[in-house]
Amino acid sequence: MKTMFTLDEITAALAKVRSGKDFPEYIREIRKIGVIAFETRVKDNQTIYYGSDHYELFSPPLHEDLHIAAESNKESFLNNLKAHQSGETDYFRFCKDCARSGIEKWVVELRQLTCTYYDSDGNAIFCESIPE
């Protein structure tokens, strides 16, 4: 597996994602290019991609800052996540729903195939397994 990957490679894989239903395939593609984890901030959608040997790649922010609710609402978040994963919402709508539900970021661990959502205090609100 190669160590270095580029934003162009990640963008090409991301371009195939239309909804949360496409997320597992995206994960498979970026694993192949050497991504071992990534962290996405809901506020502006900036993502840090991690590779081996401490390699880090920062994406630019993708949208204007969203206001993150001070208090998290797990039930609301889980309903929004379910809707997104079933293809009912697009990515930006999902980000806005996360912000309203108090989700500050998510961290994807590609070795463990997990995605963990955190509130602004750093508390894990929900951790899910990513299908292979």
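From the N terminus on, the elements of the protein chain run α-α-β-β-β-α-α-β-β-β. That order holds four helices and six strands. Helices (H or I, at least four residues) and strands (E, at least two) are DSSP runs, numbered from the N terminus. The radius of gyration of the protein chain is 14 Å, close to the 14 Å that the globule rule gives for 132 residues, so the chain is as compact as a globular protein of that length. This radius is taken over C-alpha atoms, and the globule rule is 2.2 Å times the number of residues to the power 0.38.

The model is predicted: local features need pLDDT of at least 70, side-chain atom pairs count only at pLDDT 80 or more, and totals for chains, interfaces and linings use all residues. Residues are numbered from 1 along each chain as its sequence is written, and side-chain values use heavy atoms, with hydrogens and water left out.

**The whole chain**

| Property of the protein chain | Value |
|---|---|
| Box filled by the C-alpha atoms, along the principal axes | roughly 40 × 25 × 25 Å |
| Residues that count as buried | 45% of 132 residues |

Buried means under 20% relative accessible area, exposed over 50%, and partly exposed in between (1.4 Å probe, protein chains only).

**The core**

The largest nonpolar core has 30 residues. Such a core is a set of buried Ala, Val, Leu, Ile, Met, Phe, Trp, Tyr and Cys residues joined through side-chain atoms within 4.5 Å. I27, I30, V35, F38 and W106 touch the most other members. Two or more residues each come from α1, α2, α3 (74-85), α4 (91-100), β4 (103-109) and β5 (114-119). The most come from α4, which gives four.

Take F38. Leaving aside neighbours within four places in sequence, F38 is in contact with residues including F23, Y26, T47, Y50 and L110. Contact means heavy atoms within 4.5 Å.

**A loop residue**

Now turn to K16. This residue lies in the loop between α1 (7-14) and α2 (23-32). At 52% relative accessibility, K16 counts as exposed. K16 touches D22 and E29, not counting residues up to four places away in sequence. The C-alpha atoms of K16 and D121 are separated by 33 Å. Along the chain, these two residues are 105 residues apart.
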